[in-house]
Amino acid sequence: MKNILLVFLVSFLRAGFVSAQTQFDPLGYSISTPRPIDPAAGTTNPSALATQRQNPFLGSAPSRKASGEINQLSLSEAITLGLRFNLGVTESLHASSDVRAERLRSLAALLPEISVEVKDVVANNSLKEFGLKLPRVAGLPLPGLPATTGAFAFQDARVSVNQSIYNSTMRNSYKAEKHAAEASALSLKDAQDVVVYAVGAAYFHVVSAEARVETAKAQLASAEELDRLTGDRVQSEVSPEIDFLRAHVEKQSFEQQVTNALNDLEKARLTLARITGLSIDQKFTTSDASYRPVTGLTEQSALAYAREVRTDLLSAAASVREAEYRVRAAKGERVPALSFHADYGVAGVNIGALNSVYTVAAGISLPLYSGGRISADIDQAQSNLARRQAEYDDLEGRLAYDVRVAWLDLKASDSTVQVADSNRALANRALTQSEDRYRNGVTNYLEVLRAQETVTNANENYIRSLYAFNVAKVALSRAMGAAEKHIQEFFGEK
């Protein structure tokens with residue numbers, strides 16, 4: 001009967017523990033960011049490749065093999081690794097290289113094209129092919145032409161220059177490519193800010209997971225001590241056996257909490273390793289991430305700074321200028337284009353009988369009829385300009401939204417951390433007093449059990465609040481722009 005009762009109590013409390021885990025998701029706290037990122041999401045469900053295609057910022061190229069040591073990883077070191085090996089930055093870097101290549105290609109069309117051509121020709125042309133005939137002369141028989149010219153040879157060596165004197169389409173296309181390259185470079189910096197946010201959020205997820213492990217181990221040690229104490233009291237017939245059963249069930253619950261906390265910690269470390277390029281087999285711990293308030297900053301100053309520095313907004317402005325020049329380039333198809341060609345060299349039947357030859361030509365071209373192609377190009381360019389302008393206007397509003405939301409989350413979580421810290425201290429004091437009362441026989445174990453639950457909730461609230469506060473600072477860094485710089489200021493990292 002005692003064994004049945006023990007099994008029943010264990011099952012009941014474990015069911016309550018699982019229910020509490022289901023209701024509380026420590027990773028459910030999220031802060032809006034211009035690009036949705038969930039660093040805590042499992043990158044292998046349904047597959048790592050599918051996740052990377054959806055969000056390359058959750059992937060990386062591994063930096064090096066794992067060492068046998070346990071390394072201490074600071075936030076700044078994690079960000080440095082992420083900026084170097086993260087897949088999102090790598091893809092943005094290659095995309096920027098492609099745009100720079102297009103700019104050089106447009107520039108080449110405006111510059112002189114110089115080429116050398118040397119020919120040594122041996123030919124025998126057919127005269128009948130061209131239908132050549134000698135003119136008739138009255139009273140004289142018509143002589144016939146031979147079938148071919150006969151074999152002949154000559155040499156020709158020339159240096160030629162082709163230059164566009166004025167072409168509105170090419171000139172405006174080059175200016176458009178310049179602004180496209182500028183927008184791409186700014187997008188690369190914006191991608192780096194996104195990586196800073198992703199690494200920061202994943203890093204503090206590991207920090208909170210480590211804190212949960214330490215808290216669970218401390219609670220397990222306390223539960224084991226109380227389990228031993230209640231066992232002694234039951235043996236001495238000072239306490240009823242139900243106290244021993246409750247203490248034993250509580251100890252087993254904390255053992256399961258330690259197991260779950262360790263499992264969550266390992267998954268959080270794997271996520272951070274995938275984002276930063278660390279080997280998934282590398283063992284590491286994080287630096288101390290104690291509470292550090294943000295000072296010397298207001299919401300208005302943060303918003304003003306973001307409007308000047310946010311690279312995605314600057315990139316959108318450059319894209320608008322690019323689209324404007326695309327419209328000019330399309331309209332320039334109707335404008336006359338001037339070009340110049342010149343070549344100089346020598347030619348003759350052999351090397352000993354070469355003569356100087358040259359050509360100088362200037363040309364003008366003007367489309368008279370294009371079947372509506374130019375009008376279609378203009379309409380398409382104007383439509384693209386309208387889209388780019390709308391995107392820029394939307395981004396201006398979203399910038400203010402990002403800063404505002406991050407600021408509200410920062411202030412709310414800042415206050416919550418202070419309250420949670422105070423509650424944690426009070427809960428620990430209450431638990432100490434309850435344990436003393438129980439040892440002295442003043443109360444029963446139920447009071448101790450309730451005090452333990454209060455301490456558990458207080459510790460979890462503090463961990464959640466500190467995690468939310470740190471992620472809010474990371475989100476504000478990203479919302480303001482120049483995220484790496486603000487991370488150093490907000491967290492004292494070097």
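Is valine 335 buried, partly exposed or exposed, and what is its relative accessible area? Valine 335 turns out to be partly exposed, with a relative accessible area of 33%. Welcome to this structure, which is a predicted model.

**The nonpolar core**

- The largest nonpolar core holds 67 residues, and the members that touch the most others are Phe204, Leu272, Leu297 and Leu476.
- Eight helices are listed as giving two or more residues to this core, among them helix 3 (75-85), helix 6 (241-276), helix 9 (373-439) and helix 10 (445-480).
- Helix 5 provides the largest share of this core, with 15 residues.

**The nonpolar surface patch**

- On the surface, a nonpolar patch is formed by Ile165, Tyr166, Val335, Leu338, Phe340, Tyr344, Tyr358, Val360 and Ile364.
- Taken together, the residues of this patch have about 900 Å² of accessible area.
- At least two residues of the nonpolar patch come from each of strand 3 (152-166), strand 5 (337-348) and strand 6 (354-365).
- Valine 335, the residue from the opening question, sits in the loop between helix 8 and strand 5.

**The positive surface patch**

- A patch of positive charge on the surface brings together Arg171, Lys175, Lys178 and Arg328.
- With three residues, helix 5 (residues 168-235) gives the most to the positive patch.
- Arginine 171 has its place in helix 5, and its relative accessible area of 38% makes it partly exposed.

**Salt bridges**

- There are 23 salt bridges in the whole structure.
- One of them pairs arginine 321 with glutamate 182, whose closest N and O atoms are 3.2 Å apart.
- Because arginine 321 lies in helix 8 and glutamate 182 in helix 5, this pair ties together parts that are 139 residues apart in sequence.
- Both partners are partly exposed: arginine 321 has 30% relative accessibility, and glutamate 182 has a relative accessible area of 34%.
- Another salt bridge joins the side chains of arginine 373 and glutamate 333, at 2.8 Å from N to O.
- This pair also links distant parts of the chain, with arginine 373 in helix 9 and glutamate 333 in the loop between helix 8 and strand 5, 40 residues apart.
- Arginine 373 is partly exposed at 44% relative accessibility, whereas glutamate 333 is buried at 18%.

**A local pair and its network**

- Arginine 269 and glutamate 266 meet through their side chains in a salt bridge of 3.2 Å, N to O.
- These two residues are three apart in helix 6, so about one helical turn separates them.
- Arginine 269 is buried, with a relative accessible area of 16%, while glutamate 266 is partly exposed at 35%.
- Salt bridges with shared partners connect Glu210, Glu266, Arg269 and Lys283 into one network.

**A backbone angle to look at**

- Alanine 482 has a phi near 50 degrees, which is a positive value in a residue other than glycine.
- Look for alanine 482 in the loop between helix 10 and helix 11, where it is partly exposed with a relative accessible area of 24%.

Notes: Residues numbered from 1 in each chain as written. Predicted model: local features only at pLDDT ≥ 70, side-chain atom pairs only at ≥ 80, totals over all residues. Heavy atoms only, no water. Patch = residues over 30% accessible without salt bridge, like charges linked within 9 Å, V, L, I, M, F, W, Y side chains within 5 Å. Areas by Shrake-Rupley, 256 points an atom, 1.4 Å probe, with all protein chains shown as cover. Salt bridge = Lys/Arg side-chain N within 4 Å of Asp/Glu carboxyl O. Lys, Arg positive; Asp, Glu negative; His and termini not counted. Charge placed at Lys NZ, Arg CZ, Asp CG, Glu CD. Helix = DSSP H or I, 4+ residues; strand = E, 2+ residues; numbered from the N terminus. Buried < 20%, exposed > 50% of the residue type's maximum accessible area, 1.4 Å probe, protein only. Core = buried A, V, L, I, M, F, W, Y, C linked by side-chain atoms within 4.5 Å.
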